[in-house]
Amino acid sequence: MSLLPELRYPNVTELLRGARALVARRPGLCSLRQVGSSRAGRPLHLLSVGRAAPAVLVVAGAHANEPTGGATLLALAGRVVRERPLRDGTSWHFLLCADPDGAGLHVTPAPRSLLDYHLGFFRPAGSEQPEWSPAVLPPDRLPPETLALVRVIDELRPYLQVSLHATDLGGSWVQLTRDVPGLAEPFAKSAAELNIPVETGASDAAGWPAAGPGVHVMPAPGTEQVYPSMPDDARLSTWYRAHRHGGLTAVVEVPMWASDLVDDPAPHPAPAAAMRRLAGRLLRDARQVEEVLAEALPRLPGPPGPLLRAARWALELSPALAGDWHRPPPPGATAAYLGSVDAFGRRLPLRAAAMLLRVLREAGDPAAPRLEHLVVSWSEAFAERFGARWVPLEHQVEHQSRTVLAAARHARDLAA
């Protein structure tokens with residue numbers, strides 16, 4: 001019996017319903033409890049399977065616009081319950097949704113296209129993201145979602161924390177806070193079997209050591225970042241909290257739409273010139289959104305809500321990031337890396353435009369049609385440039401699940 005009502009991205013209510021169904025089916029094995037509340041008072045729930053001391057913590061919903069993780073979480077929990085060897089000597093714990101407020105604002109549960117996805121887009125400003133807020137806020141200003149996640153990590157002391165993420169368009173990759181020998185092979189095999197490209201040059205991991213194609217190990221704290229302007233340093237995030245207890249974190253990314261442009265390992269013939277062109281486009285695109293915002297802002301009522309805060313945050317990142325792209329690219333920059341940077345440069349102003357469009361439509365602002373034109377044209381150009389092809393949800397979930405299970409198996413060997 002599937003825990004999903006149908007093969008689509010589950011919302012928070014459906015995640016909770018699926019977790020309760022597991023507890024009802026196996027009450028002696030499974031438990032469900034509230035571990036905190038969001039800023040808006042929504043509960044954060046933790047589903048636990050087993051009681052052994054060595055623990056794996058799986059976190060879904062850290063980014064509201066990445067819905068694959070919820071579907072994977074329910075599939076993984078059901079599999080752990082069904083397959084006893086997976087829980088022999090290990091307990092599994094599943095944080096159903098790290099940001100239920102954000103999940104309620106991202107409203108494309110079954111997108112048919114990149115345009116459809118962006119018309120309902122929401123991703124909070126960095127300071128409002130549960131995993132990232134420690135990188136940009138002092139400890140006394142952390143949001144309650146972050147504090148709840150930290151408490152869970154400190155209570156469970158997991159040898160492995162897994163954060164389930166998804167990219168809109170690109171390939172699959174893994175980010176590790178510490179190397180997990182043996183993970184690269186099953187990761188690559190799974191991606192190949194499911195026809196999912198491996199993002200060998202993910203810009204999120206620019207300059208990081210690679211344990212294998214698409215498997216990146218975060219450099220030690222204090223190492224200079226390739227993009228110094230980016231405020232959300234992964235090494236200051238909740239991903240490193242597990243290290244206090246001898247554990248590590250694996251961040252597993254899987255694409256909703258795949259592109260074969262992000263797995264080309266060939267050296268790029270002129271990466272510096274290409275980076276400068278991408279920086280120029282990023283500035284031009286961001287400027288177009290900023291012009292609409294400047295025109296409409298005096299007409300918008302009240303203090304800025306989460307959509308407007310997030311749109312402005314994305315726009316504020318663009319100038320400094322474009323400056324970073326004028327620096328020398330990482331040695332050996334590949335076609336895949338330039339493809340990943342190209343995608344990121346399109347993504348940032350498009351997301352800002354999409355969220356601002358939702359604000360303007362709700363306010364009935366006359367600038368909305370101008371912004372809608374940008375969202376439509378940029379979404380279509382993004383899909384066309386990258387040859388976007390939909391990855392069936394069952395393949396997204398299967399690949400992410402396989403990677404989590406492989407990470408748990410190999411990380412357990414390290415912890416032994």
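**A pocket, a hairpin and a loop residue**

Helix α3 contributes the most to the lining of the second largest pocket, namely three residues. The model is predicted, so local features need pLDDT of at least 70 and side-chain atom pairs count only at pLDDT 80 or more, while totals for chains, interfaces and linings use all residues. Residues are numbered from 1 along each chain as its sequence is written, and side-chain values use heavy atoms, with hydrogens and water left out.

The second largest pocket has a volume of about 350 Å³, and 23 residues line it. Nearest its centre lie Pro10, Asn11, Val12, Pro67 and Ala103. Two or more lining residues come from each of α1 (12-25) and α3 (100-105). Sorted by class, the lining holds 13 nonpolar, seven polar and three charged residues. Here a pocket is an open set of points on a 1 Å grid over the protein atoms alone, where a 1.4 Å probe fits, with protein on both sides within 12 Å along at least five of seven lines; lining residues have an atom within 4 Å of a point. The volume is the space filled by probe spheres set on the points, which are joined across faces, edges and corners. Ala, Val, Leu, Ile, Met, Phe, Trp, Tyr, Cys and Pro count as nonpolar, Asp, Glu, Lys and Arg as charged, and the others, Gly among them, as polar. Helices (H or I, at least four residues) and strands (E, at least two) are DSSP runs, numbered from the N terminus.

Cys30 stands opposite Val49 in β2. Five residues separate the two strands of the hairpin, and Gly41 in the turn has a positive phi of about 90°.

Ser38 belongs to the loop between β1 and β2. Ser38 counts as buried because its relative accessibility is 6% (buried is under 20% relative accessible area, exposed over 50%, partly exposed in between, with a 1.4 Å probe and protein chains only). The side chains of Ser38 and Asp101 are joined by a polar contact of 2.7 Å (a pair of N or O atoms within 3.5 Å; within protein, one must be able to donate a hydrogen and the other to accept it, and residues adjacent in sequence count only if both atoms are side-chain atoms). Leaving aside residues up to four places away in sequence, Ser38 touches Leu44, Pro100, Asp101, Pro144 and Glu145, where contact means heavy atoms within 4.5 Å.

Methods. Pairing = 2+ DSSP bridges.
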